[in-house]
Amino acid sequence: MGYHWHWGIYFDKIKGGEETYLSWLITGFGWTVAVSLCSWIIALVLGGLIGTVRTTPLRWAARLANAWVELFRNIPLLVQFFLWFFVVPELLPEKLSLWVKQEMPAKEFVTATVCLGLFTSARIAEQVRAGILSLPRGQRLAGLAMGLTLPQTYRHVLLPMACRIILPPLTSEFMNVFKNSSVAFAIGVLELTFQARQMQEDSEQGIETYLAVTVLYFICAFAANRVMSWIEKRTRVPGYITTAK
Amino acid sequence: MGQFDYTVLKPSLPFIWTGLKFSVTLTLIAMSGGIVIGTLLALARLSSLKPLYTGAMLYVDLMRSIPLVMVILWFFLVIPLIIGKPVGAEYSAIITFTAFEAAYYSEIMRAGIQSVSKGQAMAGYALGMTYGQTMRLVVLPQAFRNMIPVLLTQTIILFQDTSLVYAIGAKDLLKAADIAGKNYNRPVEMYLFSAVIYFAICFTLSTFVKRLHKRIAVLR
């Protein structure tokens, strides 16, 4: 194995520049976290809404929501990134299209966030629907029988329980967002994977580079996991949903 | 860019077809290899031998916590270093996906094995079968049958994930569309076209899996 090890590479200056490779990695980490968290917020709001709609008696809305989920689940994420980056601007009205292509600030970041947010929203919608459907039918009926309107039943009876039930799958979805954000390198977001490829080419210290990036992804996944389990603990209803610990 | 021009689709079809064939080949090889290795990993994880158990657990957890793109880049970097000569992006992709998917399939097979009631294995042992015979003839066939819908769903995800070989430049469906788009200067049409193909295949398969799931559920 003719590999030349050089563990000090992180503190070396990049070729023809003043920055160190470490600063590239830190920038990458920052973008990864930014894209992931922003898309997570979009995904939670939209996914919660769409998942809820799919369980209501509104037939047309449920159909629309189903179509939404199928659309986002059956196209590879990378293809979706390309669609949002290259195709969607072409479909907009001419003035807006020109603005998006030329003037929109942080174009790559915005596109990546919207794309990853909508992609994840479809997956969350699926979880939310499953969560609501897993509740005993009596809960909905009891709410309605007590004179609550349908929205009130959802607000005060169904959703609070469903949200707690789906926390474990949401945890892995939250970790997935960080993993999936790596695909955004393809449209030029300066996140970790982009930096990994750039640093590998520039420094030719592939193993050291990928190792650092992998560790940073680990940290993201671990932090995501901890945050969610903290929420799970805080929101637990005493005597209702028991976890192993 | 103005109006869409769909006339570029026809001359690029042979090219796209080659790409699609690679995507499907990669999916099928990674699926078969992944299920075989995954089953072995699942057995290792359920075994009472500590080193086997720990090794399998570490491998599965490691693969599942790294983004696939990084795994693809890792293998593309490390395989040539280990075997001492460069490998093509296509071969690298096949090895990567088999190794990566094995981790996901192993979790499914583990659930499958655990879904078979304990009495079945005990009955096997009571009949004088060895561990290997019990697993091969009694437990695994049932585990596999119970998990067919989930295994297929994972395969659909695998098919979508193969598009990520873009990172190392292997010529799959998406890369073919990408190149064709650049050749004819019509990237928008080509990306849309590839999205339609992916959607058609995945939607058809997932509808089929849903039906299968219902039928198997009734059978049990």
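User: Which residues touch the most other members of the largest nonpolar core, out of its 107 residues?
Analyst: A nonpolar core here is a set of buried Ala, Val, Leu, Ile, Met, Phe, Trp, Tyr and Cys residues joined through C-beta atoms within 7 Å. Buried means that 20 or more other C-beta atoms lie within 10 Å of a residue's own, while 12 or fewer is exposed and in between is partly exposed; C-beta atoms are placed from the backbone. In the largest such core, with 107 residues, the ones touching the most other members are L78(A), F81(A), V183(A), A184(A), I72(B), L164(B) and A177(B).

User: What sort of model is this, and where does residue numbering start along each chain?
Analyst: It's a predicted model, where local features need pLDDT of at least 70 and side-chain atom pairs count only at pLDDT 80 or more, while totals for chains, interfaces and linings use all residues. Chains are lettered from A and ligands numbered from 1 in the order in which they are written, and residues along each chain, as its sequence is written, are numbered from 1.

User: Let's stay with A177(B): which residues does A177(B) touch, not counting residues up to four places away in sequence?
Analyst: Two residues are in contact if their C-beta atoms, placed from the backbone, lie within 7 Å. Leaving out residues up to four places away in sequence, A177(B) touches I16(B), G19(B), M190(B), Y191(B), F193(B) and S194(B).

User: How many helices and strands does chain A have?
Analyst: Helices (H or I, at least four residues) and strands (E, at least two) are DSSP runs, numbered from the N terminus. Chain A reads α-α-α-α-α-α-α-α-α-α along the sequence. The tally for chain A is 10 helices and 0 strands.

User: And what share of the residues in chain A is buried?
Analyst: The C-alpha trace of chain A spans about 75 × 55 × 30 Å along its principal axes. Among its contacts between residues at least 6 apart in sequence, 76% join residues at least 24 apart. Of the 245 residues in chain A, the buried share is 36%.

User: What about chain B: what share of its residues is buried?
Analyst: Chain B has 8 helices and 0 strands, and its C-alpha atoms fill a box of roughly 70 × 50 × 25 Å along the principal axes. Among contacts in chain B between residues at least 6 apart in sequence, 75% join residues at least 24 apart. For the 220 residues of chain B, the buried share is 38%.

User: Are the axes of α1(A) and α5(A) parallel or oblique?
Analyst: Axes are lines fitted to C-alpha atoms, for helices over the stretch in contact, and angles run from 0 to 180 degrees between N-to-C directions. The axes of α1 (residues 21-53) and α5 (residues 107-133) of chain A come within 6 Å and cross at roughly 40 degrees. Angles under 35 degrees count as roughly parallel, over 145 as roughly antiparallel, 65 to 115 as roughly perpendicular and the rest as oblique. So α1(A) is, relative to α5(A), oblique.

User: How many nonpolar, polar and charged residues are in the contact of α1(A) with α5(A)?
Analyst: The crossing of α1(A) and α5(A) is right-handed; a near helix turned clockwise from the far one by less than a right angle gives that label, and anticlockwise gives left-handed. Ala, Val, Leu, Ile, Met, Phe, Trp, Tyr, Cys and Pro count as nonpolar, Asp, Glu, Lys and Arg as charged, and the others, Gly among them, as polar. For α1(A) with α5(A), that gives 15 nonpolar, 10 polar and 2 charged.

User: Is S39(A) buried or exposed?
Analyst: S39(A) sits in helix α1 of chain A and touches T113(A), L116(A), G117(A), T120(A) and V177(A), not counting residues up to four places away in sequence. Because S39(A) has 25 C-beta neighbours inside 10 Å, it counts as buried.

User: On the side of chain B that touches chain A, which helix gives the largest share?
Analyst: The contact takes 26 residues from chain B and 29 residues from chain A. On the chain B side, α3 (68-83) and α8 (187-219) each supply at least two residues. The largest share, 11 residues, comes from α8(B).
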